[in-house]
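Subject: Handover of a structure and notes on it

Dear colleague,

I am passing the structure below to you for your records and further reading. My notes come after it.

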Amino acid sequence: MATVVHEPPKMDVDRLPSQGSGNGGWRNLVPASGGLRKVQDASPPPASTGIWVALASITMTFAAFTSALVVRQGGAPDWQHMTLPPILYLNTVVIIGSSFTLEIARRRIAAFMGGLHEHADKPLRWLYITLSLGLLFVAGQILAWRELVSQGLRFATNISYSFFYVLTIAHALHVSGGLGGLVRVISKFNNRTLKRSTLDATSRYWHFMGVLWVYLLVLLWMKL
Amino acid sequence: MHDMSAHAVHHGAPTSFIRKHIFSLDHKVIGKQYYALALVAVVVGMVLSWLMRLHLGFANFAIPGLHLLSKNGAPGDIMTPEYYLQLMTMHGTIMVFFVLTTAPFAAFGNFFLPIQTGAEDMPFPHFNMMSFWVTFTGFLFLVASFFVSDGPTLGGWTQYAPLSAVGAVSGPGQGTGVVLWAFSIAFFCVGQLFGSLNFITTTLDMRCKGMSLMRLPLSAWAWFITSIMGLTAFAVLMPAVILLILDHVAGTSFFVSSNLVINDQVLPHSGGSTLLWQHLFWFFGHPEVYIAIIPGMGIVSHILITNMRRPMLSHRVLIYSMGALAVLSYMVYGHHMFVSGMNPVSSLAFSFPTLVITIPSTIIVLIWLGSLYGSKLRINTASLFGLGFISMFISGGVSGFFLAQPSIDILLHATYFVVGHFHLVMAVAAIFGIFGGTYFWFPKMTGRMMNESLGKLHFWLTFVGAYLIFMPFHYLGIAGNVRRYQAFVDDYLIPLIPVHKFITVAALATGAVQLIFIYNLIYSRFWGAPAPDNPWQGTSLEWSTATPPPHNNFGDKMPVVYHDPYQYSVEGASSDFIMQTSPEPVHSADEEK
Amino acid sequence: MAKLLAVTIVVIAIASAIPIVMHIWPLPQDISVNGHLIDEQYTDTMWEAGVSFLASQILLAYFIWKYSRPAPNATVKRFPGGAAALVIAAFVLVGTEALALGVFGAKAWGLAYFAPPGADAMPVQVQAGQFAFYFRYPGPDGKFGPLHANLISEANANFFGLDTTNDQDSKDDIVTAELAIPVNREIHLLMHSKDLGHSFYVPGLRVHQDFVPGLDLSIHFTATKIGRYEIVCTQLCGLGHYNMKAYLEVKSPEDFDAWLKQQAALQ
């Protein structure tokens, strides 16, 4: 799997101002007199902005779930607080670990793109490790659900289980989206068409999934 | 939402029919698809309103052929009470989601936001394409519910739990109908989230050379602000409908409380919170009405500026006021719940920002009026609809003073006063924005002019007709007429039946008038006079490109922007307007402020 | 055409105001002790909203009339004071208006919702269900017996789910389909829903409160006029929603006592 990249991928253009749209362009640079000043554009490429916008939206969704949980847990006497399946703690370690491995891959590619190194040092291996850990996490979540179901603890058993399934399934679906993103990064990397902004956006999304998971774990674990 | 790459912006012009007109990545085609969807939806929604009005005015009137739509709902072509509620629910849902959100925001925004910012396309065209097709799938789900055995849901567009959550036992349409409704809304949310993502990123990152944020036209600002609202509001509605679906099909108890008895059977649910649904729904629902109206404000400002031949008194104040509306809209949603059983202290707390939100609304209206002062107003169909929008917005806005106060809401809650209020301020006003935008931008979108005489006829009949329909709603509400009733049985509402008959006649006539618009639209599309590039002598970027715009919007030469968006009647200039792309110097106190 | 539009706007504005000014469709007659506060608030708001409405529409019409069809050499004039003046006007005029309405309106709301019912208020229970209201009076012992959801039976006319064989307090409870109350006596209405969301709206009483499944709510009011009034449901509750109503019978104290005795005999 180890690949040494010998030629620079076509990706550095991200940092340069491009003509017209695509990566921003010049802003506010044309004074009333009409004279043009060419100044390097500092605005981020769309993927960098877009990922923050998407994360804001995902945050709102989980905030809505959270407020529903708080209202529901606080308002009714029928809440039976659940014991989390122990495998979830293992999954937590896996998803946090995957953030580290992705960060290693990202830094290696970034250093290479920034011209610090002549070739990226085995970044692909770390990307594959990240992908495997991600798959392992999803598999671990599926095991957790199966374990609960085998104990007869289903969606409608108690409202605490309803929330558990809703939150973990919603999170797992978002993680699966991140896995798709990783596959895409790997394929673009192999085609030498990976952009720095794509890599950064995917890794931000992936880290966010890790943070979101820790948040959900605490939310489900503690009794308000 | 992992796919963030921007490479597809530079997609070449497609050649096959399917990639060009159906699964197109081009924001202009997607904008037109949204417009077409809104047009189909508005026809369905309007026909439903005719059926409802016929029934309210003339309860025993047999509507020929209605039994074909639903055998149970209209035996002998006479509408049953539950079928009335089912049609009413569909009318509300179709209009709010698939017309008032799609047309002014998704349709015009998709077509013109990238052009007005000077971009070649949206940054994530695949998401943009999915945005439309997911929304369209949502529409199919909704329409499908007409054809399931017990018909569409009867729960109203607000779909209050537990009526919506306990299943078929609570009434016809509450089984499959509700599930289809909820899936439809979930799809719609996903579609609009994808759209909002593109709109925000386009505005922030895709502007052309020289296009600072303050140089964006007011319409672009309105779409930008709306997309931020969409991003947060739909992200809350989606989890809410997911929980609703689960209550419905998985037997969970998010919204259904314990010990509810229907047909002498105790329901199996326990402990759910009825008010939770209302909080989640209205946290989306109030921003939603601003999602419907803010694009209209932007479009109308844009149209009026072009036709007044002057910029608004203050570009910034209008932008800040629209922003203030957006922020406040999240803090006022509780005014829908004054008598809902929510803590009465919260009612007072929600009442205050609701009264405060009238301040930015008033500023916007006053800036419009102050800008009309001393202008050089041109009358054409687009500007007529723009002026009509202002009149409607004022009329619908002032009734908000009543509904913002919990004490008066005791009297007016759930009456026709509310129906009159929101129809004028958000439905009719927004539709005037859509009409104005259509007459104004049709030449750019299709390359042909619309017929002005038919357009003016359409305006006059619609303007007068809309007032004849919706003003009497307020009188009904003041007299205590409760909404969502399909018939007026032997009670205090009987004396109001003549008013209902009057509204019905006005609604049928005004509805029929819309055929003029549809005829004009279709005729002009194929046989209208060819449109020049800049028929209204506008200044913003959509008028500096060809008509209709080429695949990448600006052809070989990307625009460079030198000015604020609205340089009309500039002293000492060579003509009465200076386009944003014109390098002609402007020596004005307003420029670059 | 601009002048026609200006005239049309003015005509529509004035025509819209006429039914309000002439009270063609007035508010339902007030039959409550505190309702006049709401009515005064409504009237004040109508003045402020009405003046805003007419002033803005007439101003709009005037500007359309005056500034359309300019002379070819006309120049654009700036509104005196510019945007700043308008922003200040909006803050001062509407801000004051909104603040005043908010502050004064709180009183009527407070009397309805913050003031507790008087100690001698008569308790009555109301249960809303698809598509009828039922009322329960505690009987001579002054106590309501407990409710049992599993005992609710339309067929046996046990609408509340009372266990009259085992529960001592339930034995003398009086269940009726109409709400009879003595005039000028405060009523403490205890509300719960049997099935779904409903609402209790008596326009004349200036009382409007939703039923929330799973939540026991209460309101209190005093009727001042003998007569028969309608109680309607305003929360969409299903196919029979439009027909879900009951009657409020406001009786003289003597008539009320006689009615209650008669109802007790029917149980």
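This is a predicted model: local features need pLDDT of at least 70, side-chain atom pairs count only at pLDDT 80 or more; totals for chains, interfaces and linings use all residues.

**Contacts between chains**

Two pairs of chains touch, and the pair with the most contacts is that of chains B and C. Chain A and chain C, by contrast, do not touch, and their nearest C-alpha atoms lie 9 Å apart.

The contact between chains B and C involves 96 residues of chain B and 100 residues of chain C. The size of an interface is often expressed as the accessible area that is lost when the parts come together. For chains B and C the buried area is about 8400 Å², and carbon and sulfur atoms account for 74% of it. On the side of chain B, Tyr373(B), Ile410(B) and Leu411(B) provide 9% of the area buried against chain C, more than any other three residues.

As for polar features, there are 23 residue pairs in polar contact between chain B and chain C, with both residues at pLDDT 80 or more. The side of chain B that touches chain C is made up of 60 nonpolar, 25 polar and eleven charged residues. The number of salt bridges between chain B and chain C is zero.

**Chain A**

Chain A contains five helices and zero strands. Of its 224 residues, 55% are buried. When contacts in chain A between residues at least 6 apart in sequence are considered, 76% of them join residues at least 24 apart. The accessible surface of chain A is about 10000 Å², with 65% of it on carbon and sulfur atoms.

**Backbone features in chains B and C**

In chain B, the bond from Ala161(B) to Pro162(B) is cis, with omega near 0°. Pro162(B) sits in the loop between helix H6 (125-144) and helix H7 (176-205) of chain B. In chain C, Gln130(C) and Phe131(C) are joined by a cis peptide bond with omega of about -10°. Phe131(C) belongs to the loop between strand S1 (122-129) and strand S2 (132-137) of chain C.

Asn259(B) has a phi of about 60° and is found in the loop between helix H8 (218-249) and strand S1 (261-262) of chain B. Asn184(C) likewise has a positive phi of about 60°, and its place is the loop between strand S4 (179-182) and strand S5 (186-193) of chain C. Asn184(C) counts as exposed because its relative accessibility is 53%.

**Two buried residues of chain B**

Thr102(B) is part of helix H5 (residues 102-117) of chain B. With a relative accessibility of 0%, Thr102(B) counts as buried. Its side chain reaches the backbone oxygen of Phe98(B) at 2.5 Å. Beyond its neighbours within four places in sequence, Thr102(B) is in contact with residues including Tyr34(B), Leu37(B), Thr135(B) and Phe188(B).

Leu243(B) lies in helix H8 of chain B and is also buried, at 0% relative accessibility. Not counting residues up to four places away in sequence, Leu243(B) touches Phe65(A), Ala68(A) and Val166(A) in chain A, together with Phe254(B) and Phe255(B).

**Salt bridges**

Side chains of opposite charge can pair when their charged atoms come close. Over all chains, the structure holds 14 salt bridges.

One of them joins Arg72(A) and Asp78(A), with the closest N and O atoms 3.2 Å apart. Arg72(A) is buried at 1% relative accessibility, and Asp78(A) is buried at 17%.

Another links Glu103(A) and Arg107(A), at 3.1 Å from N to O. These two residues are four apart in helix H2 (residues 87-113) of chain A, so about one helical turn separates them. Glu103(A) counts as buried at 18% relative accessibility, whereas Arg107(A) counts as exposed at 54%.

In chain B, Lys456(B) and Glu452(B) form a salt bridge at 4.0 Å, N to O. Both belong to helix H17 (residues 452-478) of chain B, where they are four residues apart and therefore separated by about one helical turn. Glu452(B) is partly exposed, with a relative accessible area of 26%. Elsewhere, salt bridges that share partners connect Glu103(A), Arg106(A), Arg107(A), Arg196(A) and Asp200(A) in one network.

With kind regards

Note on methods. Residues are numbered from 1 along each chain as its sequence is written. Chains are lettered from A and ligands numbered from 1 in the order in which they are written. Side-chain values use heavy atoms; hydrogens and water are left out. Contact means heavy atoms within 4.5 Å. Buried area is the accessible area (1.4 Å probe) that two parts lose on being put together, summed over both. A salt bridge is a side-chain nitrogen of Lys or Arg within 4 Å of a carboxyl oxygen of Asp or Glu. A polar contact is a pair of N or O atoms within 3.5 Å; within protein, one must be able to donate a hydrogen and the other to accept it, and residues adjacent in sequence count only if both atoms are side-chain atoms. Ala, Val, Leu, Ile, Met, Phe, Trp, Tyr, Cys and Pro count as nonpolar, Asp, Glu, Lys and Arg as charged, and the others, Gly among them, as polar. Buried means under 20% relative accessible area, exposed over 50%, partly exposed in between (1.4 Å probe, protein chains only). Accessible areas come from the Shrake-Rupley method with a 1.4 Å probe; for residues, only the protein chains shown count as cover.
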